[in-house]
Amino acid sequence: MHTLKRSGATLALAWMVLSFLLLPAFVVFPVSLTTTRYLSLPRDGVSFQHWRTLFTDPAWMSGIWESLVIATVSTAIAVAAGTLCAIGCWRLGTRVAEQVRAAMILPLMVPTIVYALGIYRLYVELDLVGTMLGVILAHAVTGLPYVVLTVTASLSNLDPALEKAARSLGANVPQTLARVIVPNVLPGVLSGAIFAFIHSWDELVIVIFIGGRALFTLPRLMWDGINENLDPAIAAVASALILFTLVVLLVELGLRARRERRDGGAA
Amino acid sequence: MDMNLGAGAGTADQAAETGLVVDRVVKHYGRVEVLHDVSLGIEPGRFVTLLGPSGSGKSTLLMCIAGFEEVGAGDIRLDGRSLRGLPPEKRDFGMVFQGYALFPHLTVAENIAFPLRIRGVGRAERESRVRAALSMVRMDGLADRLPRQISGGQQQRVALARAIVFEPRVLLLDEPLSALDRGLRAEMQEELKRLHGELALSFIYVTHDQEEALFLSDKVAILNFGRIQQVGDPATLYSRPVNRFVAGFLGRSNLIELSGRVISGVFIADPAGSPFAVPPRLEAPGRDDGPCRLTACHRPERAQLAAPGEGEGLALDGEIAQVAYHGTTLEVALRLADGSAFHVSLLNRGVLPQRGERARVLLDPGSLVPLADG
């Protein structure tokens with residue numbers, strides 16, 4: 001094995017890849033500040049009129065609101081179910097538990113469009129098409145893998161004897177869960193929650209399939225807007241989405257850094 | 001009428017019981033029987049050790065006592081009351097684990113306070129009891145550390161404090177010292193012995209380390225293949241093992257095949273049926289009169305080395321095949337006339353037997369113990 005030399009060529013390649021990954025996402029920022037009434041880069045000065053539209057137009061506001069409600073509730077469901085599932089599998093530690101864990105990851109593997117199609121057929125029967133509850137449930141299921149994965153990772157460092165210790169000291173199963181297991185996997189639960197939230201926040205395919213004509217989340221509004229007109233407000237919405245996601249990710253990074261500092265200082 | 005009387009007598013017996021009683025416990029994992037008809041009494045305040053190799057069922061028995069495993073048949077009772085169906089958290093048994101199992105998110109003091117919080121003990125009393133427990137295990141001053149900030153030995157002390165702070169009815173210890181290095185283990189053994197003396201609490205201790213078991217315990221139960229092989233105080237177990245397994249597991253031993261006959265509880269070896277110059281007589285209670293073969297066990301340190309032909313009594317003649325020098329002791333292997341080896345452990349008095357020399361071994365009177373499965 002030989003170490004990779006940091007030559008000019010490899011550095012340039014690295015920066016190119018990075019730009020290719022990041023720049024398309026950030027092109028919406030200047031576009032959102034354009035003075036024209038169509039999608040373009042600002043040429044004669046900047047204007048915040050499209051941002052104003054975003055926060056005054058009732059359609060966009062209700063989109064933001066719907067997205068927030070759906071993301072929050074579906075995340076709560078995914079976190080509760082995913083955490084309990086991961087802890088249960090960890091406690092059992094059998095082959096069946098391993099299989100259950102694999103099944104939980106399945107929503108991540110199945111193409112969303114296939115999954116959405118299946119859900120649509122089911123929801124027609126259940127009369128859930130076009131309801132907020134329907135989208136929340138679907139997002140809770142597709143958000144589940146993130147929680148199961150992160151909590152399982154946290155649990156892998158945990159001594160299985162902790163549960164026995166807690167119970168021998170007088171804690172029943174719910175007390176053991178609440179006072180010993182969950183506090184120790186909290187970082188994993190938080191990471192999972194953030195991923196599940198972001199997943200629901202920018203999910204489009206499922207909403208298109210089962211949102212019917214009643215539900216317009218932010219991504220759905222953008223999709224319809226792009227098809228029907230070229231209003232630069234869409235760029236403002238996109239910028240807002242990116243900013244929001246960045247904030248959430250930074251919070252998670254901050255939490256992780258704080259935790260590592262505490263652990264590092266402790267060792 | 002008689003039936004009623006019988007049942008009544010049974011419960012009266014159980015009501016009079018004190019301490020923990022393991023009563024004919026059977027336990028299966030699937031079709032594998034891991035505990036076979038195990039019975040054991042643990043009197044209040046005793047230090048009882050379950051000793052056996054891995055897979056002997058000793059840990060399973062401890063988990064049954066703790067309530068983490070259900071017994072298949074039989075019963076476990078504390079002061080005459082059955083523990084069947086009682087979950088671990090309701091048993092009030094302190095427990096110490098091999099990996100310490102301290103809660104990583106809580107400080108030392110919070111770990112020890114945990115069982116008191118669960119029991120709703122008020123803050124002032126909680127703090128004073130945590131302080132008392134900390135000083136009991138000599139850990140004052142480290143109350144605010146997190147478990148990962150203290151050493152393994154210290155963690156085990158905290159685990160001990162946490163397991164005794166709520167005044168449990170019994171303390172269960174599952175190989176608590178096996179993760180520690182040698183020096184620390186010796187120190188913690190002393191510590192456990194001291195704690196047991198101060199606490200008036202029954203300790204049930206699981207280990208595979210025979211020296212640890214002999215040093216710590218009032219009573220040792222030796223298990224193998226899910227069966228209790230022998231129960232007794234360390235001295236009895238060591239000097240009078242009942243079978244080959246105990247003789248081999250607890251210390252080293254010479255096994256000698258003898259043939260002869262039993263006459264009213266005394267075994268008399270035939271002159272041709274033993275390697276001894278004078279055929280030995282052994283107490284063999286419970287054996288039927290008549291011709292019989294048996295295996296006798298002898299501990300290597302219960303013998304002296306003498307010059308050929310010197311000394312009387314239980315004497316074996318042979319040639320010195322090997323001498324191992326251990327400083328305080330010498331381990332001498334003798335080859336007997338029939339080609340079998342006989343081991344003698346001698347205190348080093350400065351005289352080294354030489355390989356190839358003829359020698360006579362004089363066995364201490366009473367040091368030959370007949371084994372049940374011989």
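Chain B is divided by its domain assignment into domain 1, which covers residues 2-246, and domain 2, which covers residues 252-370. The model described here is a predicted one, and in it the centres of domain 1 of chain B and domain 2 of chain B, taken over C-alpha atoms, are separated by 39 Å.

**Nonpolar cores**

- In soluble globular proteins, nonpolar side chains tend to be buried together.
- The largest nonpolar core in this model has 138 residues, and the members that touch the most other members are I112(B), A161(B), L172(B) and I204(B).
- The element that gives the most to this core is α9(A), with 11 residues.
- Because domain 1 (2-246) and domain 2 (252-370) of chain B both give residues to this core, it lies between them.
- Leaving aside residues up to four places away in sequence, I204(B) touches a set of residues that includes I42(B), V48(B), L50(B), L62(B) and I65(B), and the set also includes V170(B), L172(B) and L173(B).
- Another core, of 13 residues, lies apart from the largest one, and among its members are L54(A), W60(A), A238(A) and L241(A).

**A sheet in chain B**

- Strands of a sheet pair through backbone hydrogen bonds, either parallel or antiparallel.
- In chain B, 5 strands form an open sheet with antiparallel pairing, and their order is β15-β19-β16-β17-β18.
- The strands at the edges are β15 (303-306) and β18 (341-347) of chain B, and each has a single partner strand, so one side of each is left without a neighbour in the sheet.
- When direction is ignored, neighbouring strands of this sheet are turned against each other by 45 degrees on average.
- Within chain B, strand β16 (residues 315-325) and strand β19 (residues 358-363) pair in the antiparallel sense over 5 bridges.
- Opposite D317(B) stands R360(B), which belongs to β19(B).

**The contact between chain A and chain B**

- Chain A brings 17 residues to the contact, while chain B brings 22 residues.
- On the side of chain A that touches chain B, α8 (161-168) and α9 (173-201) of chain A each supply at least two residues.
- The largest share of that side of chain A comes from α8(A), which gives 6 residues.
- Sorted by class, the side of chain A that touches chain B has 9 nonpolar, 5 polar and 3 charged residues.

Methods: Residues numbered from 1 in each chain as written. Chains lettered and ligands numbered in written order. Predicted model: local features only at pLDDT ≥ 70, side-chain atom pairs only at ≥ 80, totals over all residues. Contact = placed C-beta atoms within 7 Å. Helix = DSSP H or I, 4+ residues; strand = E, 2+ residues; numbered from the N terminus. Nonpolar A, V, L, I, M, F, W, Y, C, P; charged D, E, K, R; others polar. Domains from an automatic or database assignment. Core = buried A, V, L, I, M, F, W, Y, C linked by C-beta atoms within 7 Å. Buried ≥ 20, exposed ≤ 12 C-beta atoms within 10 Å, placed from the backbone. Pairing = 2+ DSSP bridges. Axes fitted to C-alpha atoms, helices over the stretch in contact; angles between N-to-C directions.
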